[in-house]
Amino acid sequence: MKNEEIKLDIHDKPSGLSWIGLSLQHMFSMFGSTVIVPLLVGLSPSIALFASGIGTLLHILITKGKIPAYMGSSFAFITPMLALMKTTGIGGVQQGVIAVGLVYLVVAALVWMLGTDWIDRLLPPIVVGPIVVVIGLSLASAAAQDAMMKNNHYDLTYFLIALATLFLAIFFNMKLKGFLGMIPILLAIVCGYLISMACGLVDLHAIASAPWFKIPHFELLGTEKGFHLEWNAILVMAPIAFVTMTEHMGHLMVLGELTHRNFFKDPGLNRTLAGDGAASLAAGLLGGPAVTSYGENIGVMAITKVYSVYVIVGAALFAMAFAFVNKLNVLIMQMPLPVIGGISFLLFGTIASSGIKVMVDDHLDLNNKRNLMIASVVLVIGVGNAYLQIGSFQFTGVALATVIGIGLNLILPQQPANE
């Protein structure tokens, strides 16, 4: 029985023009974050964009088309990749990214052999709800930074553009109907871009002078300077895969709540982990950063109620095509930060609100001390981005909050001794 809240369910196929618009909306939403990772590290943004498309298609194929997840560049690996670029170069980074993919595949195989019944015990609503809230709110400072700061200094024009973009997105969500009602985020981004252009924040000369087409320089593993095994790169990158796995599970929780499905059981955590692993494996072979499912795209789905996997496939194909269309690449790379920040206020907030909905729908009683202890600790550790560091290995924010939340749920008694 179809849920009336959903405009397009996972296997619903949109019509021609609406399909294009919905897919472009997802591509625009993930574009900024996906290309900023390689820009920070020193990798090719075009390759990262192409790898995100390939990775998304692999993930959809491996999960049998049952999960509408977009795979974009992961921020969790920026620090080790920066260090490796100065020592081992691109070859070491590639081996590290491939190692991340292999770790995912090994864990997926273990899950396949051991089953998933343990997931319900590890991740009940009192753990899931606060973790989903943390996933949204842990990104809040990044959204505010984009919205307010120009070269590390507060800029009023930036903030006004961010607010204008935000309020337009809210207005379009509330007032538009039909096809336009399904692409409010894309419309707000376009309007914010035009406002930024009028304020002189877009380099029009860079767009005009850029060539229309350019083939990305794919860094196929071992073709640049021959193949040398870089154990240091592998040992630095591989453990962080366990951190992003917890974020991956959190995203599955959010998507499950939005679509009213249990993805841990169908298609199964083994397939979702294998999809993530294959995506990072492909990215590493091409010379791109490790990839992961994207909160930005989950936010778009939460707002629009459009969960069609065909829309995500379209976004992946557009991303791969845009990797070769250099002028459009430059056009989107000129996307002003306040536009991204303004939209992120809504996208990330929607994810956090989904976590609150989990707790409300399950009628969780926060007067119960056990529930209060678990929720309080998960929220503050996750939102505060507390981290555990051992040597060069850092266990941060969402991942640490998830592990502690699971641990508390397993060890705390159902009834406190003083009640």
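Predicted model: local features only at pLDDT ≥ 70, side-chain atom pairs only at ≥ 80, totals over all residues.
Me: What is the phi of Asn-385, and how should I read it?
Reply: Start with the general idea: most residues other than glycine have a negative phi, and most peptide bonds are trans. Asn-385 is not a glycine, yet its phi is positive, at about 55°. Asn-385 counts as partly exposed because its relative accessibility is 43%, between the 20% and 50% cut-offs.

Me: Which other residue has a positive phi without being glycine?
Reply: Have a look at His-260, where phi is near 60°. This residue is found in the loop between helix H12 (240-259) and H13. His-260 also counts as partly exposed, at 42% relative accessibility.

Me: And the peptide bond from Asp-266 to Pro-267: is it cis or trans?
Reply: That one is cis, with omega near 15°. Pro-267 itself has its place in helix H13.

Me: Staying with that helix, is Thr-272 buried or exposed?
Reply: Thr-272, which lies in helix H13, is buried because its relative accessible area is 0%, under the 20% cut-off. Not counting residues up to four places away in sequence, Thr-272 touches His-59, Thr-63, Ile-67, His-248, Leu-252, Phe-263 and Pro-267. So the list includes the proline of that cis peptide bond.

Me: How far from Asp-276 is the nearest side chain of opposite charge?
Reply: The nearest is Arg-271, 13 Å away. A salt bridge needs the charged atoms within 4 Å, so Asp-276 has none, although it is buried. Asp-276 lies in helix H13, which spans residues 264-286. Leaving aside neighbours within four places in sequence, the contacts of Asp-276 are His-59, Met-71, Tyr-104, His-248, Thr-292 and Ser-293.

Me: Which residues touch the most other members of the largest nonpolar core?
Reply: That core has 110 residues, and Met-81, Leu-123, Ile-185 and Leu-273 touch the most other members. Beyond its neighbours within four places in sequence, Leu-273 is in contact with Tyr-104, Val-107, Ala-108, Val-111, Met-245 and His-248. Another core, of five residues, lies apart from the largest one; Ala-51, Met-71, Ala-279 and Val-291 are among its members.

Me: Where does Ser-138 lie, and what is it in contact with?
Reply: Ser-138 is in the loop between helix H6 (125-137) and helix H7 (140-148). Beyond its neighbours within four places in sequence, it is in contact with Gly-382 and Val-398. The C-alpha atoms of Ser-138 and Gly-384 are separated by 7.4 Å, though the two are 246 residues apart along the chain.

Me: Finally, how many helices and strands does the protein chain have, and what is its radius of gyration?
Reply: The chain has 19 helices and six strands.

Technical notes
Residues numbered from 1 in each chain as written. Heavy atoms only, no water. Helix = DSSP H or I, 4+ residues; strand = E, 2+ residues; numbered from the N terminus. Buried < 20%, exposed > 50% of the residue type's maximum accessible area, 1.4 Å probe, protein only. Lys, Arg positive; Asp, Glu negative; His and termini not counted. Contact = heavy atoms within 4.5 Å. Core = buried A, V, L, I, M, F, W, Y, C linked by side-chain atoms within 4.5 Å.
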